[in-house]
Amino acid sequence: MNTTTTNPTHTARPGARRSVGSGSIWKSAIVAASFTGVLLGWAVLGRGDADTQESTAVVTVETVAASESSVVNVQSQLTLPTMPQKPVFQRPVTSTRRS
Amino acid sequence: MNAFALYEHRFFAMNTDVAAWIWSTPPHAETQLRAVETLFAEIEASLSRFRPQSELQRLNAAAGQGSVSVSATLWAVLVEAQRHFNASHGVFDPTILADLVHAGYDRSFEQGLDQPTPVMLAHHNVKASSLDRRLVLNAQARSVRLAAGVGLDLGGIAKGWTVDQAAERLGQWGPALVDAGGDIRVTAALAGEAWPIAVQDPFEPAQDLCVLRIAEGAVATSSIGKRHWRRSNQLQHHLIDPRRRRPAQSDLHTVTVLAPTAVEAEVAAKVALILGSHSGAAYLEAQGLTGLLFHRNGHQQQVGALPIDTELAIA
């Protein structure tokens, strides 16, 4: 059975340019405080980006050739995360049939 | 990280198309779906009357010769069959093999029944009696004794029972649905959403009448519309009325029943069809079941409240 999984390309956030001043202590303190603020900002915004990427990942499975004795395939594309987004079903899964 | 998805597996077993779905991740989904196919094959090998070496056929061959020890699978199905015999007051009867063969259903339907049968089993004139006299179950020894001339056919219960076994095992790994020729069992809703199952128009199989939403439970359909053939220029079908020992002649063409398990739905659908619309509806209501009765004249009769989805498009 062939199963493939594809994920969207992650977009790297551009890193903030850092500069370190020299000379006076107060200048260094300002730079350090600014740097700290940048790091805190990355921590907050970066987490939000990760959540967005997880919720839009798509699983695609190729249909296996029917000649194989056992065929497993995904009926439809569904979005993650762990539980599917609603509505799950766009059409009936199966039907009652006289047996 | 393994991604969750809806995995599907299709195969042929018990003379019908089987499909199973599970919301899970690989490799669990793949492993468990393959296990479903294996389970069907194992149970069919044991319970099919169309396989000369099956455990069921060996038991039938030993009728009148004393007790025979049986496997846990065959035992479980026979116990279930006995329970439904009692609940239906004998309308469901697993000892109808001779009547089925006499009607012409002596081979797998796919081999074609519209043919003269060169050899017919003697239609033993076994008078209808309590099941306990024809089929004796010894729980302590897990053995079975068939009276002479009695033959078992589990076609009206084995498929539903197998669907339940498969679904309950599969359902341990995620929300799942197993469908064997229209005997369907759902283990749990998917993200709180019930599974949509179309109701096929028994008179126009290419069309659906409505969509049912089932979060947990089963649905099965019994019909004279598919497995029928001609013998001596008379139309025969596989649903034997044990009271007449002939194919049922009620006013019903197809019955679809919703029940907690597939075996209950399968048996109830058959019983209701044999009984006819009036007694069949009463039987379903007495059992606390709901369903759809399709009369031979095309009339549709609903029994109880059905979980019909009025928004999802049908074919």
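Entry 1. I started with Arg245(B) and Asp99(B), whose side chains form a salt bridge with an N to O distance of 2.9 Å. I was working on a predicted model, so I kept in mind that side-chain atom pairs count only at pLDDT 80 or more. What does this pair tie together? Arg245(B) sits in the loop between β13 (240–241) and β14 (246–247) of chain B, while Asp99(B) belongs to helix α4 (residues 97–103) of chain B, so the bridge ties together parts that are 146 residues apart in sequence. I then looked up the accessible areas: Arg245(B) is buried at 18%, and Asp99(B) is buried at 5%.

Entry 2. Next came Asp183(B) and Lys159(B), which meet in a salt bridge at 3.1 Å, N to O. Asp183(B) is in strand β7 (residues 183–186) of chain B and Lys159(B) in helix α6 (residues 158–170) of chain B, so this pair links distant parts of the chain, 24 residues apart. Buried or exposed? I found both Asp183(B) and Lys159(B) buried.

Entry 3. I also noted a network here: Asp164(B), Glu168(B) and Arg185(B) are joined into one by salt bridges that share partners.

Entry 4. My last pair was Arg51(B) with Glu44(B), a side-chain salt bridge at 3.5 Å, N to O. Arg51(B) is partly exposed, with a relative accessible area of 36%, whereas Glu44(B) is buried at 11%.

Entry 5. How many salt bridges are there over all chains? I wrote down 13.

Definitions and conventions:
Residues are numbered from 1 along each chain as its sequence is written. Chains are lettered from A and ligands numbered from 1 in the order in which they are written. This is a predicted model: local features need pLDDT of at least 70, side-chain atom pairs count only at pLDDT 80 or more; totals for chains, interfaces and linings use all residues. Side-chain values use heavy atoms; hydrogens and water are left out. A salt bridge is a side-chain nitrogen of Lys or Arg within 4 Å of a carboxyl oxygen of Asp or Glu. Buried means under 20% relative accessible area, exposed over 50%, partly exposed in between (1.4 Å probe, protein chains only). Helices (H or I, at least four residues) and strands (E, at least two) are DSSP runs, numbered from the N terminus.
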